[in-house]
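Please read the following explanation with the sequence and the structure side by side.

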Amino acid sequence: MRETLVLNASFEPLATVTSRRAVVLVLQDKAVVEQAHPRLRVRASAVELPLPRVIRLCRYVRVPFRRQAPWSRRGVLVRDRHRCAYCGRRATTVDHLVPRSRGGGDTWLNTVAACAADNHRKADRTPEQAGMTLLSKPFEPTPADALLLALGAGRQDELPLGEPLLP
Ligand SMILES: [Zn+2]
């Protein structure tokens with residue numbers, strides 16, 4: 001099932017929903033399409049329209065608390081654009097700066113994308129102990145980062161966002 005990014009009326013990213021739910025929101029005049037898939041179309045009721053990738057709510061929705069994107073391996077790879085933090089080549093694994101065996105956690109700030117070779121080389125050590133330098137520091141994705149990642153990401157299911165906020 002494809003996912004659609006939902007923006008608040010203020011253009012702030014809120015959540016992802018299934019494309020089916022996104023189409024329903026548009027047909028109910030609750031949202032407008034901001035960006036649609038160039039080729040894919042979706043049929044709903046008696047109309048056919050381009051599959052929405054990003055929709056924006058017509059009415060501002062007050063978000064009761066600021067949501068943090070939940071950590072995931074896939075989210076780390078997307079945040080780092082599948083680039084190894086040590087050599088810049090394509091990354092397929094997630095490295096824990098402080099290894100899990102030493103108490104390092106699954107958090108945005110303790111994990112970076114890494115190629116399999118560097119991950120293997122670093123092994124059960126911190127970057128300092130392994131004599132390896134980080135090309136960039138890990139960061140906590142903000143909602144704005146999530147939007148940029150979403151627009152740049154080829155696959156909507158790579159969004160580092162949690163479950164829908166919408167009813
Ligand atoms: Zn590498």
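Predicted model: local features only at pLDDT ≥ 70, side-chain atom pairs only at ≥ 80, totals over all residues.

Residues are numbered from 1 along each chain as its sequence is written.

The protein has 5 helices and 6 strands, where helices (H or I, at least four residues) and strands (E, at least two) are DSSP runs numbered from the N terminus. Along the sequence these elements follow the pattern β-β-α-β-β-α-β-β-α-α-α. Of the 167 residues, 31% count as buried; a residue is buried if 20 or more other C-beta atoms lie within 10 Å of its own, exposed if 12 or fewer, and partly exposed in between, with C-beta atoms placed from the backbone. Among contacts (two residues whose C-beta atoms, placed from the backbone, lie within 7 Å) with a separation of 6 or more, 58% join residues 24 or more positions apart.

A nonpolar core is a set of buried Ala, Val, Leu, Ile, Met, Phe, Trp, Tyr and Cys residues joined through C-beta atoms within 7 Å. The largest such core has 13 residues, of which V6, L7, A22, L25, V26 and I55 touch the most other members. Strand 1 (3-7), strand 2 (13-18), helix 1 (19-27) and strand 4 (47-57) each supply at least two residues of this core, and helix 1 gives the most, with 4 residues. V26 touches A31, V32, V33, P52 and I55, if residues up to four places away in sequence are not counted. Apart from this core lies another, of 12 residues, including A91, V94, V112 and A114.

V112 and A114 also belong to strand 6 (residues 111-114), both faces of which are covered: T111 and A113 on one side, and V112 and A114 on the other, are all buried. Strand 6 pairs with strand 5 (residues 93-96) in the antiparallel sense over 4 bridges, pairing being assigned if DSSP finds at least two bridges between two strands. Within this pairing, V112 is the bridge partner of D95.

A85 lies in the loop between helix 2 (73-79) and strand 5. Why does A85 count as buried? The reason is that 26 other C-beta atoms lie within 10 Å of A85. Leaving aside neighbours within four places in sequence, A85 is in contact with D80, V112, A113, A114, L134, L135 and S136. The C-alpha atoms of A85 and A114 are separated by 5.7 Å, although the two residues are 29 residues apart along the chain.
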